[in-house]
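Subject: Structure for your review

Dear colleague,

Please find below the structure that I am handing over to you.

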Amino acid sequence: MSEQNEPTSERVQTAAPSPAVDGAHPALAPDVAERLKRDPAGLVAAVVQQYDTLEVLMVGWMDDEALRRTLTSGRVTFWSRSRREYWRKGDTSGHVQWVKSVSLDCDGDALLVQVDQVGAACHTGTRTCFDGRGLPAVVGQA
């Protein structure tokens, strides 16, 4: 999901992305943090997938704190690049993402978050952020 399209109703807490946490919450586990390959802004792409159908629902961004919240709360939290604040999917819309598993790819630069999605994943009201948005492409064959 692009930052321009993130619903304002999904906001959780304003803060600056940073691996350092204010002490109120424990930091992301060091063994997890050291495996992450963050972009220059300290973020990792998070692909969100329905756990049982394997349908790709959306893409968001996480810093260490958003990932810590996701791993410890059972709900998915993202970092909004445009608003510079955390937002937890479904807090006001009811379109909650219940965490089923979180995996890190082999390079450490992307997360796969498998969820049980309640309602629409996209702020436009569609099931996924990819519904009806196909691009013309030549289809290859093996």
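The protein chain contains two helices and seven strands. Starting at the N terminus, these elements follow one another as β-α-β-β-α-β-β-β-β. Please keep in mind that this is a predicted model.

Some overall values come next. The protein chain has 142 residues, and 38% of them count as buried. Its accessible surface is about 7,700 Å², with 54% belonging to carbon and sulfur atoms. Among contacts with a separation of 6 or more, 54% are between residues 24 or more positions apart.

Four of the strands form an open sheet in the order E3-E2-E7-E6, and the pairing is mixed. Strand E3 (56–62) and strand E6 (97–104) are the edge strands, each of which pairs on one side only. From one strand to the next, the twist averages 25°. E6 and strand E7 (residues 110–117) run antiparallel and are joined by seven bridges. Within this pairing, Val 102 has Val 113 of E7 as its bridge partner.

In soluble globular proteins, nonpolar side chains tend to be buried together.

What does Val 48 touch, leaving aside its neighbours within four places in sequence? Val 48 is in contact with Glu 55, Val 56, Leu 57, Met 58, Phe 78, Gln 97, Val 113 and Val 115.

Finally, I turn to the aromatic residues. Searching the whole structure gives two aromatic pairs. In one, the ring centres of Phe 78 and Trp 87 are 4.8 Å apart and the planes meet at 35°; the pair is therefore tilted. The other aromatic pair, Trp 79 with Tyr 86, is edge-to-face, with 4.8 Å centre to centre and 70° between the planes.

Trp 79 is buried with a relative accessible area of 1%, and Tyr 86 counts as buried at 2% relative accessibility.

Yours sincerely,

A colleague

Terms used. Residues numbered from 1 in each chain as written. Predicted model: local features only at pLDDT ≥ 70, side-chain atom pairs only at ≥ 80, totals over all residues. Heavy atoms only, no water. Buried < 20%, exposed > 50% of the residue type's maximum accessible area, 1.4 Å probe, protein only. Contact = heavy atoms within 4.5 Å. Areas by Shrake-Rupley, 256 points an atom, 1.4 Å probe, with all protein chains shown as cover. Pairing = 2+ DSSP bridges. Axes fitted to C-alpha atoms, helices over the stretch in contact; angles between N-to-C directions. Phe/Tyr/Trp six-rings, centres within 6.5 Å; stacked < 30°, edge-to-face > 60°.
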